[in-house]
Amino acid sequence: MDDLLREFLVESAEHLDTVDAELVRFEQDPNNQQILRNIFRLVHTIKGTCGFLGLPRLEALAHAAETLMGRFRDGYPVSGASVTLILATLDRLKAILGDLEATGAEPAGSDDDLIGALEKMASDDAPAAAAHAPAPAPAAIVLPPPVERELKPGEVSLDDLERAFMEAPGPDDFFVPEPAPQVAEEPAFEMQAEEAPEPVAPRAAAAEGGEGPIAKVQTIRVNVDTIEHLMTMVSELVLTRNQLLEIARRHEDSGYKVPLQRLSHVTAELQEGVMKTRMQPIGNAWQKLPRVVRDLSAELGKGIELVMSGAETELDRQVLDVIKDPLTHMVRNSADHGIEATNERIKAGKPARGTIRLSAYHEGGTITIEIADDGKGLDLAAIRKKAVERNFAPAAEIEKMTDAQVAKFIFHAGFSTAKAVTSVSGRGVGMDVVKTNIETIGGVVDIATELGKGTTFTIKIPLTLAIVSALIVKAGAQRYAVPQIAVLELVRVDAKGAKEGANAIERINGAPVLRLRERLLPIVTLQGLMRGQATVEEGEVVESGFVVVAQVGRQRFGVLVDEVFHTEEIVVKPMSSKLRHIPLFAGNTILGDGAVVLIVDPNGVAKLVGQSAQSGAVAESEAEEVEAGDAKATLLVFKGGAGGFKAVPLSLVTRLEEIDAAKIEWLGGRPLIQYRGRLMPLVPADPSIALRTEGSQALVVFSDGDRAMGLVVDEIVDIVEERLDIEISADRSDLIGSAVLRGRATDIINIAHFLPLAYDDWARGPRKAAVKAPSLLLVDDSAFFRDMLTPVLKAAGYSVSTASSADEALKALLSNPGIDLVVSDLDMPGRSGFDLVGAMRKAGGRLAEMPVVALTGTVGPEAIEQARKLAISDLVAKFDRSGLLAALAEIGEPGLARAA
Amino acid sequence: MQAANANAAPADTTDYVTVFVGETMFGLTIDRVHDVFVPAGITPVPLAPREIVGLLNLRGRVVTALCLRRRLSLPDRASGAAQMAIGLEQAGETFALIVDGVGEVLKLGAETHEPVPINLDPRWRDLSLGVHRLDGRLLVILDVDALLAFGDAQRDAKVA
């Protein structure tokens, strides 16, 4: 017997027992839709499973019973007789299951008597007629097809199957249909319900001794509570051990030590074992899906492929149990309703075989499961219509609903837009069950659908109950656990200038940010979060500690903590009901030393951070950028001159300041300010900006070496990271052009214009005036970057020429022997920077040895390797101005020597 | 004492665990009390309701510690002052009620029971089931369910 069948037997026996009990309850309380829905679902599950396991007798019986119960749901009065009949059917189901368990095959026999009675009752319109129906008049059996269903391609094969089963030699103990209980009286049902499970057990027991018994599964089912209790006990044991170890450390008596070590070892193993019992890869729940899909594909006459990824994603056993059925339902649903018939697909220009993609992964402390099909998508118009018809909500309200809201109607009980009821689905059970099951464990289901393209269901299950690896951090006096899943990296930060090369947190109008590989990361402090705010309080020290770089969905941010300890596998314990409303925590746990710590919920933090962000688009665009990688620029946007927006590449900016306007001094008609012990000239970003005389004045400080310039702006607005597309090339020297940033037309200012306004000699490289300025060739396809870097390089004392492509650069290099070194972008259309350097090295002579500094958007190991091969002096991130200058300074000496 | 009298008629008596907060003696029906222990290593929970002082580890279980003083709107005890905890259970969750001290268990009959005086502070009135007249002092019987019924109401109020 294969695993599927075995599993089916165990499950079905459980389901039938539940149905028995529920039916009796239902009879006493016929208006309880909850019970009916439950019964209906269980029978539906059995029917469905039988269908794909190829058990026609069981399927036919379950289908007939379900049809009758469907009538109850539509308001058909529930009579004792009808319940009796269904109970009789359940008994028959159990008997067949018993045989199945004993022999591995469905016993031969006919259920026409029961099916006939069930169908008769289901088709009777008058409730009165139902009263005499229970006696399943065996004489009156016509010879109807055992299954009554809509014509479907799969139908034929089922008949064949049944014939095959009929012809096959049946087991000796041929099952004789029990007569249904005669009287429709309550005690009778109750008795029956109690007796119900019995047929299974004795038969199975008998079979064990008989010939060719099927070995029982070598596993036992353990109540989750038992495991939970074990877990608690083990945690306690760990604590006790730790205490013992502590005592042993204080006493020098080595007599303890050996047994204690042993205890310690055993405890650790025990803990691991108990934890393991709780975890299972999600693949376990998927095992039967390929077969489900294959069988469905045959039955429905569609080509369907199931692609699964992330099967190794581990889930808590309990969670897995809950989502198993919904997953099967959803995959069946996708196969039946989602994927179109083959000819339709071909007509629509799609591959003939439909694809269902099932994937699972951990994301930000949740487990996400996606079921995506490339089928026809949800017909939202039809759903709207149906929702109005079924009166799920007032028509006017449905009108106003968004597509996403409308799509969710498919989770409504009793909803089905399928034109025909098939044995696979279409009865409107399933999707509501899916939702209920997922919600019981605190999960959510989302639907994304596009007509003609397909539908994707996304199930997110929180990690409650799961064991996760967490980083233990400290903020203030408290320790917290941060799930590692959300942690991208850790960065140590120190006060600026405290250490060479250390990362430092900078502030923009008080808000801390961190430059991380030339990207700005908003920083929140864990202590601030614990006050419920993402902003930093006045006077809070954010200058040193560790930044936990976290990514949730598409949002990235840094959480500043005081200390980072270690990582630990923790068991997530749910928060108390009194504390569950705090979004910051995913639960709590007990650490190895016995202390209770709170588990920070990265999603909750992201939400809090997101609330304080100006718009959701910030996160979006930032994350897009992660994928797109290079060619984006981080720009500081400010208001300057007549309310217009201006921007400057952030990499050029040294610091943002707000100064007291009263401190501005005038010397020789030029505004100056004492800044860090020196005089710094102030230059308005636009002629129309008037220096303030009182209050505070915003400045953007640019500096080079010991010189600094303050650009006077009206207001600092934002930092954006966007692909730069300079649209209008301005004919003003103070502007490079205009670009659309965040949907606003923004002028990009040309710093090269302002620097000479502050110091007449800035651009002339005064410090190196004595020496012949080394000549540098800047190669970059983007005019913007050329314009941006040229003044910087000039200011650093180089004489700069530019080239916009590798070819142009080569030409310049060959024709101009005065060039001492090359700064080249690596990512250029056509010939890349590597090609250029390669060609230089090949050209030999002067070019072969010429120092090259490469600029790149991303510094990967491959690029580094290639750069080393080509003897590139340094790889510098594209926006790392100081990095570039440092790299140039390093090679400057020999380069100069050679030039001299 | 009353306790002795009560022994004669066990059917009408109830056992109370007595606890102290300041000068007041409170009683908790013994069947609701699962544990009496010295609380240690309380982890505060940021953003939690004021009544909750934090979480603690009680033999491998995470227990929510609730301060009776704060629940009764009394000032906090001086830091470093002795405190005890009563383990209570409700709906499968364990709570630790932090009190100043724990006294003996009293067996009390209905004859000493009095309804809650109407002039009692409403915050106290809502939390008590009655008062027992003892020799020389009064015992306020606490309603455990009412004691533990704070978080939800607050949350509901927030939602509304």
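In this predicted model, helix H4 (residues 80-103) of chain A and H5(A) have axes that come within 10 Å and cross at roughly 150 degrees; axes are lines fitted to C-alpha atoms, for helices over the stretch in contact, and angles run from 0 to 180 degrees between N-to-C directions. H4(A) and H5(A) are therefore roughly antiparallel to each other (angles under 35 degrees count as roughly parallel, over 145 as roughly antiparallel, 65 to 115 as roughly perpendicular and the rest as oblique). Helices (H or I, at least four residues) and strands (E, at least two) are DSSP runs, numbered from the N terminus. The crossing of H4(A) and H5(A) is left-handed, that is, the near helix is turned anticlockwise from the far one by less than a right angle, clockwise being right-handed. Ser82(A), Leu85(A), Ala88(A), Thr89(A) and Arg92(A) of H4(A) meet Leu114(A), Ala117(A), Leu118(A) and Met121(A) of H5(A), where contact requires C-beta atoms, placed from the backbone, to lie within 7 Å. By class, six of these residues are nonpolar, two polar and one charged (Ala, Val, Leu, Ile, Met, Phe, Trp, Tyr, Cys and Pro count as nonpolar, Asp, Glu, Lys and Arg as charged, and the others, Gly among them, as polar).

H5(A), residues 112-123, also packs with helix H3 (residues 56-73) of chain A, the axes coming within 9 Å and crossing at roughly 20 degrees. H3(A) is therefore roughly parallel to H5(A). This crossing is likewise left-handed. The H3(A) side of the contact includes Ala60(A), Leu61(A) and Arg71(A), and the H5(A) side includes Ile115(A) and Glu119(A). The contact has 10 nonpolar, one polar and two charged residues.

Ile323(A) lies in helix H14 (residues 317-338) of chain A. With 24 C-beta neighbours inside 10 Å, Ile323(A) counts as buried (20 or more other C-beta atoms within 10 Å; exposed, 12 or fewer; partly exposed in between). Beyond neighbours within four places in sequence, Ile323(A) contacts Ala285(A), Asn437(A), Ile438(A), Ile459(A) and Ile461(A). The C-alpha atoms of Ile323(A) and Ala285(A) are 8.2 Å apart, with a sequence separation of 38 residues.

The contact between the chains takes 24 residues from chain A and 20 residues from chain B. On the chain A side, H10 (224-250), E17 (585-590) and E18 (596-600) each give two or more residues, and H10(A) gives the largest share, five residues.

Residues are numbered from 1 along each chain as its sequence is written, and chains are lettered from A and ligands numbered from 1 in the order in which they are written. Local features need pLDDT of at least 70 and side-chain atom pairs count only at pLDDT 80 or more, while totals for chains, interfaces and linings use all residues.

Technical notes
Two residues are in contact if their C-beta atoms, placed from the backbone, lie within 7 Å.
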